[in-house]
Structures are given as C-alpha cells and as structure tokens.
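This briefing covers selected local features of one protein model. Please look at the sequence and structure before reading on.

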Amino acid sequence: MGLEPAQRARMNDFLKEYQEVFAWSYTDMPGLDPSIVKHFLLLDTERFPPKRQHLRLQRADFLLRIKEEVVKQVDAGFLEVCNYSEWVANVVLVEKKNGKVKVCIDYRDLNKASPKDNFPLPHNDVLVDNTARHTQFSFMDGFSGYNQIQMAEEDKIKTTFITMWGTFCYKVMPFGLKNAGATYQRAMVTLFHDMMHKEIEVYVDDMIAKSKEGEDHLVNLKRLFDHLRKYKLRLNPAKYTFGVKSGKLLGFIVSEKGIEVDPDKVKAIMELPPPSTVHESNYPEIEKMCCALVWVMQRLWQYTMYHTIRLLSKADPLKYLLGSPSSMRNVAKWHCQLTEYDIEYVSRTSMKGQAIADHLAEFPIKDDMPINSDFPDERILQVRDEEEIPGWKMYFDGAVNSTGSGIGAVLISPEGRHFPVAAKIDFPCTNNIAEYEACILGLQAAIDLKVKELKVFGDSMLTIFPTLKQWKTKDPKLVPYHEYLEELTENFEDISFTYTPRMKNQFADALATLASMTGQFPAFTQTLRRIAAHFFLSGETLYRRSFDATLLRCVDENEAQRLMEEVHEGNCGPHVNGLMLAKKLMRLGYFRSTMEIDCVKHVKHCHLSIDYFTKWIEAITLASVTVKTVARFLKRDIIPRYGVPATLVTDNANNLNNKLIDKLCAQLKTLHRNSSPYRLQMNRHLFCH
C-alpha cells in the first residue's frame, strides 16, 4: 500500500474493526436478504421445451473431484438434493492455466429458453473515466459473488444438474445463467445507488472506492463497509488492494494522472515469438473464428450482455464450440464464456458485410486489448457442452420448365442417411407454388418418419421468410399453401426454417428437375439411370467409380479450380498441358464431369518461361495472354529473379513476336530467337508445358 506509517496503522485498525465483511469460506456467507433481490428463471417453454441431458461419462479421478466440490457446496448450503426435474444439465471439468480443473455446469438449454434481461450493465469506458484522476483507490472483489444471491423458491428445481452421486439443484444463483450478471448488477445498484459514481464504482462483483483527497479515503471506505455489514455482503480476502495511488481496472492503469494502458496486457503480445513450426502457424480457420467471436463479445460486453446477437459468418463457430466437446483448454474456456450470451447464427446471404469483416481481418487496427481467459468467479460451477446428437435436416426445391413441373426434397437423418423424395406436378403452376409443394412434400415425409425435431433449408425466400414471420403472404394463390404449411409445422416439437443459397441446395434442385422430366423422355431417363450406376453416395460425399473400380471423389467448381492451380503450378510434378493435367487429377482421386474441358481452359490462360540452364519453370495464370501481359511477365517475374537473359527462345505466337517484345529485347540487348515449327515432335519441350 502507498500509505504513510500513520495512515497504514489507521487502515489496519479499520480492517480489523470490519473483519466480518470478509468471507474466508462458503460458510462465512449468509447471503443477501431475498426481500432485496433474488434470481428468477422465466422460461419460454412453448418455443423451447424442457430438456433432460443424459449423464455424461467421466474419468474416475474426475468423478472424485466432482464429488469433492458437490460435498463442499452442500455443506455450505448452496445445493440440495432434487428429483423429478424437467430440466437436467450435465457436469464437465475444464482445465485451467495452472493445471487445476474447474467444475462447470452446462446451462445452454436453460439459457436458450430464458428471455434476455434488459437491465443495463456498466459501460467500460465510462467506468474507467469516472475512476481515473483520483488520488487514492481501494479495489475489492465480492467473495463468490453470484452465490450470495438466493434463487427464487419456485425456480430452484430448474437449475438441476446430474452427477454420478445424484441430482442436485442450486439454492443460490449459480454462474453460467444468461441473466446472472444482470441480476447481480441490479442488486449492487439497489445497495449502493447513493454512493455510485461518487465515492465508489461497481462493475458486477468488482468494487472500487476512490477519493480526491487522501484524508477522505478512510471516510469513504467506512461508509462502504457499513453498507456491506448492513446487507451482509461479503468480500474476498484474497483479492483486495487498499489505499493505493494507482491500480488496474479493465485492462487499464488508473491513477491521478489519468488512464494508461496496462503493460501486462500487451507484454504477451509484444514478446510473442514468431511460429517456429508449420503446426504453430496453421491453426484451423474455425478456431480463428471462435477466437475472434470471444474477443468481440468481451470487447463489446456492455452491448452483447443484454441484446440478442445475430452472427453472420462463413461458418458457424457456435456449432464448433457448442455442438461437439473438445479437450482443448482454449476451446473449453471459450465455450464456458459464450454460454452467458444470447447468440444466433444466421446464414450469410449478403457479401457486403463479410467484405468489410474480411478487410478488417486482413488489415487490423491496433487494439491492445487481449482476450480475458479468466472466469468471472473461479469458484462457481459452469460447463462446456455435452456431446449432442445432430438432428434431422430437410432440403427442398421446386422446378418449373418447358418439360413440366417437379418437386423434390431430401431428408437427412442424424446418422447421415439420406431419404430423397420427388414427385411430378400434373397441373400448371408457378415456381412459387412448386416451392410450397416441395416443402409440404418434405414435411409430410418427415411426419411419416415420425421426426419430432427438424431443421428445414430452402432457396425460396417466398417460402422461408413468411414462415419466419418476416414477410407476409399476400398472393391469393399462395395463402392456402402457407396456411397448410403452418398446420404441418404443429406436428413437430421443434422446427426451424433457414434460407440457403441455391449452390448449397443442389441435391434437392436436381431431384426436382428430374421429377419434372419424368415421363417426357423415356430414353433420357434410361440414360440417367445408366449414368447413375457409375456413382456412389456415402453420406454427403459423392464418388465416381472409375474403370478399375477405384472411387474418385466428386468436386465442385471452386475445389476443382483450386486443385488445378495447385497441380499446374508443379506441386505434384512437372508443368503439364490440359489433358495431362486432367489425367493427373483423376490419378490423385478427384473427378468432375467437365474436368478435361476445365483443365484445357485453365492451361490456355497460363503463361510460362523456362530457364534452360537449371530447367526451372516459371509460370503464372492470366485471364488472357496479351502482348502487354507477356512483356509485364518478363519484366516483373523473370528479369528481377534471374537477371537479363542472353537469349530468349519463344514459339511463333503473335503475343511473343511483336514490336513491343522486340523493343524490350533491344533495350536489354537480349537475342530473341524463334523455336522450330509449331509441331509436337519438333517443339516438344515448349509444347508439353
């Protein structure tokens, strides 16, 4: 403490006088009076019915640690035995930085059903500004803060969790509930409203006493401790600092001078060594996205804590974090930290916002605020996900063309089995009616299969958005379809509709197109069946049987383009022509019906040069090989790397024999020669490349 000896003596006497405001164990916490505050769990059970998670298997040593923590909290009066609860959560252990293990509870299902509490939380910037420019500070932390608030009697049973030793529920507010932070902040405002922004600042369970004059600091502390004693709120004796001239607050150093960046927060980044191995530098893209999501949620905490956050991204990081358990310490912590937030993943339908996000990721601004990997309270229970079985999915599409109208849908089971259904429409209809018919066909098939939870995907906005109540159906022809669709949805316990681009709905689109052509061209139908016999579907991956019975994985346009670029650049051998490139890709185990045509087109747009001394090939891919691009290729890629060539040997193409190339060779004093006539036998070395 930065105090004079006399001040330090007075401070010690003061703390001894108020030693009962500190809690040394759970038994020293009487808790706040329920008449002042208690935590309620108001649930939307119509949209989110109760769920009972099954007991998750744990290692024997983990079971003993769970038992130890449960016994400790039962003895403290935090837990009680609970039976026959509709809501049952699971327990899991998360490894901490120091090697210890933290017992957590998975309240994800409960949080989904909990409406967001809109009680405002402190704004970080305002809190730091109000604290700075004082002469003395005292920093305090509530002891197991959330556990000092009682649960409402009727809602205790909803916090039930299951262990090998039985089922228990909380009598006090546990960490991990969506609105726990808002409830605690509401309690702090109720208790200290007459002191906040004057003598003290409160940030959830953190309290800061401040004073302009050193002599006033003990007076302010006495008033604060009188409140603590009156309301029986207890502080943590392991986390406090009294009478200092400066201190750390939310990543900053506050003092009489003002606000400074905490050097400890940027030290790890400044001293971070460069990656020494490929493994260190190549983290999976989805983990980078999860890291970015956690950072944003913490950086904008005052907004994200009491608003529903809709996440638009290339992939769903929530499914990665919450849908499958991971033993990685960072992933487990990220899961626990994101459980409190109300985040919804929305399929990306616009490129504008993603373009801005990609630009910011590529050219980041300086922001030294790191991710806070610590839990708000290390002694409270919370959990990462249990392994959740994926649910049923349905894709649908309709097709209207000159040959007729058809509808198709495909149901995908949790095990990955596909159930395609298709039908031809015999009456004249519009494309919108065909889309509704396809959706209805798929839902009826799902009902026949006794599916209760279903995720529906389609590329028709006019079908999806009215179901989501975002649009209203006004077309008289479509109103009966929409009403019948609403009736069918009542047969499911949980059903969701998501718009997906047509590129991701090709299976259902193909079914609908084939259904529309059924009966029109019998010979064509037979041809399709004969072609289909050469393909094999495994889950969501399509394979082509080659002549020697080898399975070749079918690739889409984007993956085919990437493969052509990698192989043609010489990663898998020499720089080959189009037909050889297609054969090489098939030998590597890939197939595309237009593979040869695509490879020939790709090679036509590639320009290269060969160093005849080292036989090294230098190649680039161009949209069109013009005179200017050839000259630029020589000046930018060849000469800076290999120096000025003594002789340049080219074929007789016009883009290599013109005034611009001749002028360039004259400037460089390079001899330009043409190769032998343009025939494979005479010009083999250039032609094969």
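Which residues are buried in helix α4 (residues 124-131)? In this predicted model, they are Asn-124, Leu-127, Val-128 and Thr-131.

**Helix α4**
- The buried residues Asn-124, Leu-127, Val-128 and Thr-131 lie on the same side of α4, because they cover an arc of only 95° around the axis.
- In general, an α-helix has 3.6 residues a turn, so residues three or four places apart point the same way.
- Just after α4 comes Arg-133, with a positive phi of about 65°.

**Four-stranded sheet**
- An open sheet is built from 4 strands in the order β9-β10-β5-β11, with antiparallel pairing.
- The edges are taken by β9 (200-203) and β11 (235-244); each has a single partner strand, so one side of each lacks a neighbour in the sheet.
- On average, neighbouring strands of this sheet are turned by 15° against each other, direction ignored.
- Strand β5 (residues 136-142) and β11 run antiparallel and are joined by 4 bridges.
- Within this pair of strands, Met-140 stands opposite Tyr-240 in β11.
- Helix α6 (residues 214-231) packs on the sheet and touches β5, β9, β10 (206-211) and β11.
- The direction of α6 makes about 145° with that of β10.

**Three-stranded sheet**
- A further open sheet has 3 strands in the order β12-β13-β14, and its pairing is antiparallel.
- Its edge strands are β12 (246-249) and β14 (259-261), each of which pairs on one side only.
- Strand β13 (residues 252-255) pairs with β14 in the antiparallel sense over 3 bridges.
- Val-254 has Ile-259 in β14 opposite to it.

**Tyr-84**
- Tyr-84 sits in the loop between β2 (79-81) and β3 (91-95).
- Is Tyr-84 buried or exposed? Tyr-84 counts as exposed because its relative accessibility is 82%, and the cut-off for exposed is over 50%.
- Tyr-84 and Thr-167 are 83 residues apart along the chain, and their C-alpha atoms are separated by 9.2 Å.

**Cysteines**
- How many disulfides does the structure hold? The number is 0.
- Cys-439 is buried, with a relative accessible area of 0%.
- Cys-665 is also buried, because its relative accessible area is 7% and the cut-off for buried is under 20%.

Technical notes:
Residues numbered from 1 in each chain as written. Predicted model: local features only at pLDDT ≥ 70, side-chain atom pairs only at ≥ 80, totals over all residues. Heavy atoms only, no water. Pairing = 2+ DSSP bridges. Helix = DSSP H or I, 4+ residues; strand = E, 2+ residues; numbered from the N terminus. Disulfide = S-S within 2.5 Å. Buried < 20%, exposed > 50% of the residue type's maximum accessible area, 1.4 Å probe, protein only. Arc of directions from axis to C-beta. Axes fitted to C-alpha atoms, helices over the stretch in contact; angles between N-to-C directions. Contact = heavy atoms within 4.5 Å.
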